[in-house]
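Please look over the notes below alongside the model.

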Amino acid sequence: MTKKLFAEFFGTFWLVFGGCGSAVFAAGVPDIGIGLLGVALAFGLTVLTMAYAVGHISGGHFNPAVSFGLLAGGRFPAKDLIPYVASQCLGAIAAAGCLYAILNGAGAFTTVGPGAFASNFYDMPGYYNRSYSMGAAFLAEFLLTAFFLIIIMGATDKWANGKFAGIAIGFALTLIHLISIPITNTSVNPARSLSQALFVGGIAMSQLWLFWAAPIAGGIVGGLIYKFLLQRTDPETAKI
């Protein structure tokens, strides 16, 4: 069990350090910045690389919403839920601490403006000067996390080609970010939202509830949808 928890810690650390780090350091660099596409790809690559690095140890959740969803889908034992979520949150916070130390080393850390330090937000003028309501933000996070769980469960199903599961999941997370960075700065991961909000404080902390509630609810619904509507159990049916 200890190795599983360390795998979740390091996997979530890498997700936050790589994904949020790309947004903080590289997204807006004049002329050579990676922009929205680059940040979205960075998040996908963190999951893809860690899925192959430690996924065989812990299952490669790196996200409390994924753990809740897999529990609902019958793929994860309830007794491991709290330890997994704790390890994921600690890994995310540790990564955010490293990002803060590096950014602060240049005197560039700021809590000003929506999305500061790659935090999540709603009801604030953000990209394209659009302000998405709490309800719109909740719906986006809910739907995207639900589909993320459907993809995860499908790609890791015993009837699927498991060798490519990490690629499917990584590209799914990339697509999710391409859709929702302009809406909420993309959470679909409560640990990732917590880690950044802790350093930003203020509005980021007061809005944090949504970036726990919506992804977890979406993850649970996605897990249930796959389990009861999509999952195949008959070997002959699986060949169709």
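1. Cys89 is buried, at a relative accessible area of 11%. Cys20 is buried too, at 0%. Buried here means under 20% relative accessible area, exposed over 50%, and partly exposed in between, with a 1.4 Å probe and protein chains only. The model is predicted: local features need pLDDT of at least 70, side-chain atom pairs count only at pLDDT 80 or more, and totals for chains, interfaces and linings use all residues. Residues are numbered from 1 along each chain as its sequence is written, and side-chain values use heavy atoms, with hydrogens and water left out.

2. How many disulfides does the structure hold? It holds 0, a disulfide being a pair of cysteine sulfur atoms within 2.5 Å. For Cys20, the nearest cysteine sulfur belongs to Cys98, 13 Å away. For Cys89, the nearest is that of Cys20, also given as 13 Å away.

3. The largest pocket holds about 510 Å³ of space. Closest to its centre, among 36 lining residues, are Gly59, Gly60, His61, Ile152 and Thr156. The terms come from a 1 Å grid over the protein atoms alone: a pocket is an open set of points with protein on both sides within 12 Å along at least five of seven lines, a cavity is a set where a 1.4 Å probe fits but cannot get out, and lining residues have an atom within 4 Å of a point. Grid points are joined across faces, edges and corners, and a volume is the space filled by probe spheres set on the points.

4. Which helix gives the most to the lining of the largest pocket? That is α2, with 7 residues. At least two residues each come from α1 (2–26), α2 (35–58), α3 (64–72), α5 (134–155) and α6 (165–184). Helices are DSSP runs (H or I, at least four residues), numbered from the N terminus. By class, this lining has 19 nonpolar, 13 polar and 4 charged residues. Ala, Val, Leu, Ile, Met, Phe, Trp, Tyr, Cys and Pro count as nonpolar, Asp, Glu, Lys and Arg as charged, and the others, Gly among them, as polar.

5. The second largest pocket holds about 390 Å³. It has 22 lining residues, with Ala23, Val24, Ala27, Gly115 and Tyr127 closest to the centre. Two or more residues come from each of α1, α2 and α6. Again α2 has the largest share of this lining, 4 residues. The classes are 15 nonpolar, 6 polar and 1 charged.

6. One cavity of 30 Å³ or more is found in the whole structure. The lining includes Asp123, Arg130, Pro182 and Ile183. It divides into 7 nonpolar, 2 polar and 2 charged residues.

7. The whole structure has 10 aromatic pairs. Rings of Phe, Tyr and Trp (its six-membered ring) pair if their centres lie within 6.5 Å; planes under 30 degrees apart are stacked, over 60 edge-to-face, and the rest tilted. Phe6 and Phe10 are stacked, with centres 6.2 Å apart and 20 degrees between the planes. These two sit 4 residues apart in α1, so about one helical turn separates them. Phe10 is partly exposed, at 45% relative accessibility.

8. Tyr100 and Phe109 make an edge-to-face pair, because their planes lie at 80 degrees, with the centres 4.7 Å apart. Tyr100 is partly exposed, at 29%. Ring pairs join Tyr100, Phe109, Phe117 and Phe199 in a cluster.
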